[in-house]
Amino acid sequence: METAEEQDAGNHTLLTEFILSGLSSSPELQHLLFFSICFIYSLTLLGNLLICMVTVHPTLHTPMYFFLRVLSLLDISTASVVVPKMLVTILSEDRSISYLGCVTQLYCVVFLAATEWYLLAAMAYDRYVAVCCPLRYPAIMSTRACLSLLLLSCCSGKVVSVVQTAWVFSLSLCGPRRINYFFCDIPPLVLLSCVDTRRYERQLISATVLVIFTPFCLILLSYSCIISSILRLSSAESRHKAFSTCSSHLTVVTLYFASGTLIYLQPKSSGSQEAKKILALIYTTVIPTLNPLIYSLRNKEVKEVLIKGM
C-alpha cells in the first residue's frame, strides 16, 4: 500500500510514514532478541521502580536520593519511549511508524536524554557541596535549590528537544522511507534527507558539544574539587566513604556521555550505522537497567533500607 504523496513542486515524495528496520533482519534472531529485550526491559522497570520506592524512606530524604529518584523516573521513561515499539517491530510484519509518531518519539528521546545529562551535572554539584562544604550543605542544597536545579534541567532538555526536532524535520526528508534503526533518532533521519545536510551536521555537532560537553565539563570541575578535598582528609575511612559515594555517579556519567558522544558527533556516517544501533541499544535499554544496580549495590544506606524492608 502506498503511503507517500507526490508533490507538485518536485520529484521527491513527502514521507507520511516510515519503516523501522529494527535491530536485525535475520529471522533466526527475532525471537531471541524479543525475549532478551523483554527481560532487560522488565529489569529496568522493576529496578528503577524499586529505587523510587526505597528513596522515599524517611532516612533517605536527602538531595542525593531526590535526584536519584528523578534519574530512575527518567530511565523508566526513556526505555518506555523506545522499547515497546521496538518489541512490536521485532515480532510484527508491520514495522511502520507514522510521521507524527516519529516526531513524537524523537522529541521525547532528545528531551529525556538532554534532561538526564543536565541532571547528572546537578548531581555532581550536590556531591561537590556535600564533600567540600559539609557544614553549609543543608543550607545550600535546600528543597528549593533541588527543585530549581530539576526545573533548570527540564527546561534545558525541552529547549534542546524542540530545536533539534524542528531542525531535523525541516530537512525535506524524502525516500527511501526505511529507517535503518529501531527507533526515530537524529542520525538515521538525517540519512533520509534529500538536501545537503552539511550545515545541519555542523549545527548538530555544535549542539552536541554544548549539550553534552558543557555538563560534562561541569562534572569534571566538580569532581576535581571533590578529589582534592578527599585527598586532604586525614581519616582513611572518611576518604573511602567519600570515594565510594562518588564512584557510582562517575560510573553512570561515563556510560551516558561516552555513548551519547559516539552517537551524535558523526550524524551522517552511514558506515557506522550498525555500531550506532548497538550504542543506542546500550543507551536506551542497558544503561537504565544498570543504574539501579550501580547505585543500590554500592550504596550502604540503600542496602540497609532494602534489608529492613524485607
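This note goes through a predicted model point by point.

1. Basis. The model is predicted, with local features requiring pLDDT of at least 70 and side-chain atom pairs pLDDT 80 or more, while totals for chains, interfaces and linings use all residues. Residues are numbered from 1 along each chain as its sequence is written, and side-chain values use heavy atoms, leaving out hydrogens and water.

2. Overall content. The protein has 10 helices and five strands, taken as DSSP runs numbered from the N terminus (helices H or I, at least four residues; strands E, at least two). Of its 310 residues, 48% count as buried, where buried is under 20% relative accessible area, exposed is over 50% and partly exposed is in between (1.4 Å probe, protein chains only). The protein exposes about 15,500 Å², and carbon and sulfur atoms supply 66% of that area (Shrake-Rupley method, 1.4 Å probe; for residues, only the protein chains shown count as cover).

3. Contacts. Among contacts between residues at least 6 apart in sequence, 78% join residues at least 24 apart; a contact means heavy atoms within 4.5 Å.

4. Annotated spans. An unreviewed UniProt entry lists several residue ranges as "transmembrane region", including 97-120 and 145-167. UniProt positions follow the numbering used here, feature names are shortened, and annotations may be inferred rather than shown by experiment. In the model, residues 97-120 are 92% helix and 8% strand, with end C-alpha atoms 32 Å apart. Residues 145-167 are 100% helix and 0% strand, and their end C-alpha atoms lie 33 Å apart.

5. Core. The largest nonpolar core contains 81 residues; such a core is a set of buried Ala, Val, Leu, Ile, Met, Phe, Trp, Tyr and Cys residues joined through side-chain atoms within 4.5 Å. Helix H3 (residues 99-132) supplies the largest share of this core, 16 residues. Ile179 is one of the residues with the most contacts inside the core. Leaving aside residues up to four places away in sequence, Ile179 touches Phe18, Ile19, Leu20, Ser21, Cys102, Cys184, Pro188, Leu189 and Leu192.

6. Cys217. This residue lies in helix H7 (residues 198-231) and is partly exposed, at a relative accessible area of 46%. The C-alpha atoms of Cys217 and Ala121 are separated by 8.8 Å, although the two residues are 96 apart along the chain.

7. Leu50. Helix H1 (residues 30-54) holds Leu50, which is partly exposed at 38% relative accessibility. Leu49, Leu50 and Met53 form a nonpolar surface patch with about 290 Å² of accessible area together.

Note on methods:
Patches are made of residues with over 30% relative accessible area and no salt bridge: like charges are joined within 9 Å, nonpolar side chains (Val, Leu, Ile, Met, Phe, Trp, Tyr) within 5 Å. A salt bridge is a side-chain nitrogen of Lys or Arg within 4 Å of a carboxyl oxygen of Asp or Glu.
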